[in-house]
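Here's a quick tour of a protein model, from its overall layout down to single side chains. Keep the viewer open and follow along.

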Amino acid sequence: MSKRVPWILLVLLVAVSMLLSACGAQATQTPAAKQQVEVFSWWTGGGEAAGLEAMQKVFNAKYPDIEFVNAAVAGGTGTNARAVLATRLQAGQAPDSWQGHAGQELIGTYVAANQLEPLNFLYEQEGWLKVMPETLIPLISKDGNIYSVPVNIHRANVLWYNPGILEKNGIAVPGSLDEWFAAMDSLKAAGMDAPLAMGEQWTAMHLMETVLLASLGPDKYNALWDGSLDWGSAEVKAGLEAFNKVLTYTNSDAASLTWQDASQLVVNGDAAFNVMGDWAEGYFKELKKTPKTDFGWAPVPGTAGTFQFLSDSFVLPVNAPHRDAAIAWLTICGSKEGQDAFNPVKGSIPARSDGDKSLYDEYLQSAMADWAKDRIVGSLAHGVVANDSWKNEINTALGIFLTDKNVDAFQALLVTACASSGPCK
Ligand code: GAL
């Protein structure tokens, strides 16, 4: 036995050193052998992956030597993906580019933490300042530096409805919160327990921001985010009460449903309404549903004339592992060809002002018209108006409210959140 040990040790030592040198060789060879770009998002299904794939095709055709590595993590509005991203960034393992919302999510989170490279050079090179909307540039800039490439404009305040159900019950599409409540009361009386489909908690935040907009109007809604409207005011209380009432029409299993599950309840005829961003349209198309027959749309009651928006954009991290390939990807994200491939499938309109309208369906053409003429305000749930720490505090308060439905306690927590992480200091 004592004689054998050194033999085994020697064999093990040789095996381990062979393995290590193989790994070392691989590590130094990979970048030279094949360029790659790792793109991080939360677009994994339900109309979203299909949009990303369409843009990836444009990328592959233009850059056949760069391998596109899709690092998407499932979960609506990036709830899971952003947690994974945070862990990776902390460990110094940034992907080459990631999806980030234009607005405070970008500026108050990633830019504030010095995690991104400015992209002014790319904007100049590609002539993007001439085609990207003026509304957007300040939301992706700080101190004269531009930090992301927006691929789209999504609308948050959309009421999706089932036209057949409304017709059968003699209900007109509601234009105000009161009309909406009346419509849902009749549906309840007709035996539909939960006329408004809702999903997991972020979809409740999405619903809340649209109801606050309806109740406060665009000026006061904006004032919430710059600290000029008191979160403790009677107006905010009225908005939260309206939201509380809206919640009484929702399904009791909301917490266990994804946004796709909730949207599907409408086209399946199990609910009459759902408030969701227009990525729901991309999903309906994937389900082969017909606009105006299987689903209809309108601004969330009380918000006509206002376009509550968000924009998906992609970034270049400081020390991107494959910087040149990341820049190539961003070039496609900002291109007309890339945006016109991605958006008609994703259910969004191009961020660029020169998209080819004929490629977009009826809903999307109506969104383009509204984007051009409506009053524009930003979304909370999708990163425009509040940075991550403020939004997280609001989300914690919302979680408690969804259980106890105590408006006063909720409002008090929102006052505290604005004072500790928002502009109410
Ligand atoms: C939003 C995102 C959209 C869509 C949605 C649902 O935050 O901007 O593109 O992905 O989440 O996942």
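The protein chain splits into domain 1 (36–153 + 311–378) and domain 2 (155–309 + 383–421), with bounds that come from an automatic or database domain assignment. Bear in mind that this is a predicted model: local features need pLDDT of at least 70, side-chain atom pairs count only at pLDDT 80 or more, and totals for chains, interfaces and linings use all residues. Residues are numbered from 1 along each chain as its sequence is written, and side-chain values use heavy atoms, with hydrogens and water left out.

**Domains and core**

- The centres of domain 1 and domain 2, taken over C-alpha atoms, are 26 Å apart.
- Across the boundary, 37 residues of domain 1 are in contact with 32 residues of domain 2, where contact means heavy atoms within 4.5 Å.
- The largest nonpolar core has 134 residues; such a core is a set of buried Ala, Val, Leu, Ile, Met, Phe, Trp, Tyr and Cys residues joined through side-chain atoms within 4.5 Å. Buried means under 20% relative accessible area, exposed means over 50%, and partly exposed is in between (1.4 Å probe, protein chains only).
- Helix 8 (residues 201–226) gives the most to this core, with 14 residues. Helices (H or I, at least four residues) and strands (E, at least two) are DSSP runs, numbered from the N terminus.
- In soluble globular proteins, nonpolar side chains tend to be buried together.
- Trp180, Leu207, Phe273 and Trp329 have the most contacts inside the core.
- Take Trp329: leaving out residues up to four places away in sequence, Trp329 touches Val37, Val39, Leu52, Met55, Phe59, Phe68, Ser97 and Phe314.

**Ser311**

- Ser311 sits in the loop between strand 12 (306–310) and strand 13 (312–314).
- Is Ser311 buried or exposed? With a relative accessible area of 0%, Ser311 is buried.
- A polar atom of the Ser311 side chain lies 2.8 Å from the backbone oxygen of Asn152. For a polar contact, the rule is a pair of N or O atoms within 3.5 Å; within protein, one must be able to donate a hydrogen and the other to accept it, and residues adjacent in sequence count only if both atoms are side-chain atoms.
- Setting aside neighbours within four places in sequence, the contacts of Ser311 are Gly100, His101, Ala102, Leu136, Pro150, Asn152 and Ile153.

**The disulfide**

- There is one disulfide in the structure, a disulfide being a pair of cysteine sulfur atoms within 2.5 Å.
- Cys418 and Cys424 form it, with their sulfur atoms 1.7 Å apart.
- The link of Cys418 and Cys424 is right-handed, with 70 degrees about the S-S bond.
- Cys418 is buried at a relative accessible area of 0%, whereas Cys424 is partly exposed at 28%.

**Salt bridges**

- The whole structure has 17 salt bridges, each a side-chain nitrogen of Lys or Arg within 4 Å of a carboxyl oxygen of Asp or Glu.
- Arg323 and Glu117 pair up through their side chains (2.8 Å, N to O). Arg323 lies in helix 12 (residues 323–333) and Glu117 in the loop between helix 4 (104–111) and helix 5 (120–126), so this bridge ties together parts that are 206 residues apart in sequence.
- Arg323 is partly exposed at 33% relative accessibility, while Glu117 is buried at 18%.
- Lys237 bridges to Asp408, with the closest N and O atoms 3.0 Å apart. That pair links helix 9 (residues 234–247) to helix 16 (residues 407–420), 171 residues apart.
- Lys237 is partly exposed, with 28% relative accessibility, and Asp408 is partly exposed, with 47%.
- Arg352 and Asp354 form a salt bridge, their closest N and O atoms being 2.9 Å apart.
- Salt bridges with shared partners join Arg155, Asp370, Lys373 and Asp374 into one network.

**Helix 13**

- Helix 13 (residues 336–346) is largely enclosed by the rest of the structure, because eight of its eleven residues are buried.
- The buried residues in helix 13 include Gly338, Asp340, Phe342 and Lys346.
- Gly347 follows helix 13 and has a positive phi, near 90 degrees.
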